[in-house]
Amino acid sequence: MSKLDALLITPPSRLEVYQKLSGEYAAIEPPVWSSLIAKYLMNKGYNVKILDAEAEFYTHKETAEKICDENPTLAVYIIYGQQPSASTQCMPGGRKTANYMNEISNGEIKSLVMGTHASALPQRTLLEEPYNFVCDGEGPITIEKLLEVLNKKSSHFDKVPGLWYKDKDNEIKKNNPAVMFENLDTDLPGQAWNLLDLKKYKAHNWHTFDDLDSRHKYASLQTSLGCPFKCTFCCINAPFERNTIRFWSPKHIIKEIKYLVENHSIYNIKIPDEMFVLNPKQVTGICDEIQKEGLGEKLNFWAYARIDTLNDDEMLKKMIKSGFKWLALGIESSSEHVRDGVVKGRFDNFDIESIVKKVRDMGFYVGANYIFGLPDDTKDTMRETLDLSIRINSEWSNFYSAMAYPGSQLYNFAREKKWILPDDKMGPGWIGYSQHAYETLPLPTENLKGSEVLDFRDEAFNIYFKNPDYLSMIKKTYGEKTVNHIKKMTDHKIKRKHHDVEVNY
């Protein structure tokens, strides 16, 4: 067999990121970008494999040993996360793995890192992290052209678009960005499912509340790239040259869905697109294809949406008939003033509650997302947000602490304010950007310390999921088994560093 050109690696991060929640409760998601890039490279004639250390439950050292056993021309560390802004928190896992790999291989295996974080801070990543190269951008073209150089044993790295590297004099060099793909059907034609053991993946617990035993029948399917919005707290467009959205065609998407259903009996599917429910023509086109195939009653999708993208009732009716059971809604804050401060959207609380009620009355389950500790937040406004979540009483709620992720406008704002961030000299490092880690360090506000925001977030989680009205609704909707699952989940207490040692935040 010919030498392996590229090994696409998801390094282990779950234990540090989720603590004890990493066992029964956190999802294990198929690596979307690895599968997209793998198919692209295979179509170009390259020999490619995927190493998903998360799915295999490998340690950092075990992952490094597997990489060295494969001995690829290029080890590609693809560092994203299970939600669009979660790349940064996974960087420590990549660093540990790459350090082991460099030690075991005596530095003989060349490595490149890519992801939202690497694109947001390419120079800093090259300086601080143990990789030979950094990709600033989407990745496929950069990896393809870098392999051309490495296979020819050439040093013409200046010809590789989107690449950051050090020259022979150890000076940092950066190249012009790679051109963004426009026709996704032909330029990036799908995910390499055949390189993944799909039995190893597991849905979010709430995604299968109506059938918890089906969690291991799960996949993550990308239908678009990018986002046209500019929310201040978000960094998801860092790998892209502009705020825009590009779509795979409905014909392409149905082929992917049929493959998952017919070859793996997978019906629980996440749409990880930053904004799926945006373009009614695209959404209804996908729904039409699903219904033509008679798959609507079998499928269980979840997808992201915004409150202000749910006005087209005909689109929503088609979605519910096509298996889109869950909508993940970015509500963020109860305070219109706080939302306006992060360019979230011009809608008031009446809009929020009425629209959530509307979609639930239509048959959707709702996973509502709330953020505590945005710059204008106070304890009173955070309490108002919690009260709003309790009134809405959706089937699931995510409570986040505000984070100034690298690549977001909020990161630059926090730097200007000289607020303490995880990557400061005395901070915990990139792991501090995780929501559930021991070292989590949220953004402070004009009124509150980061530790106060984090304590409020953890208290809010328990208040919500132990609320009798919530548990009664869950029992009525899903049954006693799901209620017991939630009660067991809330027995897990997340440990936080500032409760154990004195910190300055």
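Tutor: A residue counts as exposed when its relative accessible area is over 50%, as buried when that area is under 20%, and as partly exposed in between. K418, at 72% relative accessibility, is therefore exposed. Keep in mind that this is a predicted model.

Now the helix pair. Two packed helices are described by the angle between their axes and the distance between the axes. Here the pair is α4, residues 60–70, and α5, residues 91–104; their axes lie 8 Å apart and form an angle of about 50 degrees. Angles under 35 degrees count as roughly parallel and those of 65 to 115 as roughly perpendicular, so α4 is oblique to α5. The crossing of α4 past α5 is right-handed.

On the α4 side, the contact is made by H60, K61, T63, A64, E65, I67 and C68. On the α5 side, G93, K96, T97, Y100, M101 and I104 take part. Sorted by kind, the residues of this contact are six nonpolar, four polar and three charged.

Between α4 and strand β3 (74–78) there is a loop, and N71 is in it. N71 is not a glycine, yet its phi is positive, about 50 degrees. With a relative accessible area of 39%, N71 is partly exposed.

K418 also has a positive phi, near 60 degrees, and is likewise a residue other than glycine. Its place is in the loop between α16 and α17. P428 is in the loop between α16 (409–417) and α17 (450–465) too. A relative accessible area of 26% makes P428 partly exposed. Apart from neighbours within four places in sequence, P428 is in contact with P422, E439 and L441. From P428 to V359 there are 69 residues in sequence and 41 Å in space, C-alpha to C-alpha.

Last, the cores. The largest nonpolar core has 113 residues, and those that touch the most other members are L112, F209, I257, M319, I331 and Y470. Helix α2 (residues 32–43) gives this core its largest share, seven residues. A second, separate core of 37 residues includes I67, Y77, W164 and A404. I67 is also one of the α4 residues in the contact with α5. As for L112, its contacts beyond four places in sequence include L74, A75, V76, Y77, F133 and C135. T142, I143, L146 and L163 are also among the contacts of L112.

How values were computed
Residues are numbered from 1 along each chain as its sequence is written. This is a predicted model: local features need pLDDT of at least 70, side-chain atom pairs count only at pLDDT 80 or more; totals for chains, interfaces and linings use all residues. Side-chain values use heavy atoms; hydrogens and water are left out. A nonpolar core is a set of buried Ala, Val, Leu, Ile, Met, Phe, Trp, Tyr and Cys residues joined through side-chain atoms within 4.5 Å. Buried means under 20% relative accessible area, exposed over 50%, partly exposed in between (1.4 Å probe, protein chains only). Helices (H or I, at least four residues) and strands (E, at least two) are DSSP runs, numbered from the N terminus. Contact means heavy atoms within 4.5 Å. Axes are lines fitted to C-alpha atoms, for helices over the stretch in contact, and angles run from 0 to 180 degrees between N-to-C directions. Angles under 35 degrees count as roughly parallel, over 145 as roughly antiparallel, 65 to 115 as roughly perpendicular and the rest as oblique. A crossing is left-handed if the near helix is turned anticlockwise from the far one by less than a right angle, and right-handed if clockwise. Ala, Val, Leu, Ile, Met, Phe, Trp, Tyr, Cys and Pro count as nonpolar, Asp, Glu, Lys and Arg as charged, and the others, Gly among them, as polar.
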